[in-house]
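Please find below a colleague's note for a reader who is coming to this structure for the first time.

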Amino acid sequence: MNVARQSDQIRLELMSFEDVVTALKNEYTTALIPCGAVEQHGPHLPLCMDTDHANALAERIARDLGATLIAPTVTVGCSAHHLAFPGTISLRAETLEAICLDYCTSLAKHGFKRILLFSGHIGNFPVLKDMLPRLREAMSDDVEIDAFCDSIAWIDRWRLAVQNGGGNPDAVGGHADIAETSLMMVLRPESVRQKRFEVGYRGALSEGELRLMWADGIKSISANGIIGDPNGSSTAIGCNCLDAITDLLVRSFTK
């Protein structure tokens with residue numbers, strides 16, 4: 001297999017072991033580990049939103065970085081603050097860390113020298129940040145591990161992308177809002193229930209509200225599970241958001 005030409009064959013689970021051997025010989029020694037979630041996204045979006053987002057970003061990031069393969073997405077994440085809403089499945093932080101460690105150990109054993117973790121679910125960011133030093137310590141010195149964990153930069157990029165797409169940046173709240181709804185209009189349009197759009201919690205969360213959300217769940221600050229407002233969503237905004245976050249992650253991983 002010519003990996004450089006077969007750009008659709010950059011996902012490990014779609015390759016044979018011989019394909020992977022060839023890729024490594026061709027210096028495809030960077031691996032992405034996308035993380036997602038299965039959790040509520042208001043009454044208008046499916047539970048798979050964060051995983052769909054991670055999958056779409058992974059392919060874009062891998063192609064922009066070059067010489068990069070994509071490990072199978074970790075579909076379920078840390079979503080305990082959404083468990084009041086039926087259908088949400090959550091891993092414990094130590095479970096997600098154990099999965100990521102096993103991924104990294106396996107990939108390093110095969111010869112991958114750079115392993116990059118990111119998440120389509122912002123709720124995984126604190127867990128990734130906490131585990132990163134231990135993942136690095138567990139690897140040999142010739143294996144680089146990195147993870148993107150900057151939620152502020154992410155939300156700022158979304159606000160600018162929404163504004164540039166003709167939307168209201170104040171409708172960005174980070175969960176089932178104008179940004180995420182617009183993304184799903186691009187990624188899985190048939191899943192967006194436009195008649196069920198509702199305004200959620202609007203405005204920046206205070207430190208106290210953030211602590212309350214993590215301690216008592218998102219329902220303690222938003223009865224419908226939305227932070228932000230999906231009204232005004234569009235495919236143009238969704239494409240802008242994909243481009244903006246792809247650029248943010250590629251820049252972060254190429255420093």
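The numbered points below treat the sheet, its strands, a pair of helices and some individual residues.

1. Basis of the note. This is a predicted model, in which local features need pLDDT of at least 70 and side-chain atom pairs count only at pLDDT 80 or more, while totals for chains, interfaces and linings use all residues. Residues are numbered from 1 along each chain as its sequence is written, and side-chain values use heavy atoms, with hydrogens and water left out. Helices (H or I, at least four residues) and strands (E, at least two) are DSSP runs, numbered from the N terminus.

2. Four strands make up an open sheet with parallel pairing, in the order 2-1-3-4; two strands pair if DSSP finds at least two bridges between them. Strand 2 (68–70) and strand 4 (144–147) are the edge strands, each with a single partner strand, so one side of each has no neighbour in the sheet. On average, and with direction ignored, neighbouring strands of this sheet are turned by 20 degrees against each other.

3. The pairings within the sheet. Strand 1 (residues 30–35) runs parallel to strand 2 and is joined to that strand by three bridges, with A31 standing opposite L69 in strand 2. Six bridges join strand 1 to strand 3, again in parallel, and here C35 stands opposite S119 of strand 3. Strand 3 pairs with strand 4 in the parallel sense over four bridges, and I115 is found opposite I145 in strand 4.

4. In strand 1, six of its six residues are buried, where buried means under 20% relative accessible area, exposed over 50% and partly exposed in between (1.4 Å probe, protein chains only). Both faces of strand 1 are covered, with T30, L32 and P34 on one side and A31, I33 and C35 on the other.

5. Helix 3 against helix 4. The axes of helix 3 (residues 93–110) and helix 4 (residues 125–138) come within 10 Å and cross at roughly 40 degrees, which means that helix 3 is oblique to helix 4. Angles under 35 degrees count as roughly parallel, over 145 as roughly antiparallel, 65 to 115 as roughly perpendicular and the rest as oblique. The contact (heavy atoms within 4.5 Å) is made by A93, L96, E97, C100 and L101 of helix 3 together with V127, M131, R134, L135 and A138 of helix 4. By class, this contact has eight nonpolar, no polar and two charged residues; Ala, Val, Leu, Ile, Met, Phe, Trp, Tyr, Cys and Pro count as nonpolar, Asp, Glu, Lys and Arg as charged, and the others, Gly among them, as polar.

6. Helix 6. Helix 6 (residues 178–187) is mostly covered, since eight of its 10 residues are buried, among them I178, L183 and M185. The buried residues of helix 6 pack against helix 2 (49–65), helix 5 (151–164), strand 5 (172–175) and helix 8.

7. The C-alpha atoms of C239 and A161 are separated by 8.7 Å, although the two residues are 78 residues apart along the chain.

Technical notes. Axes are lines fitted to C-alpha atoms, for helices over the stretch in contact, and angles run from 0 to 180 degrees between N-to-C directions.
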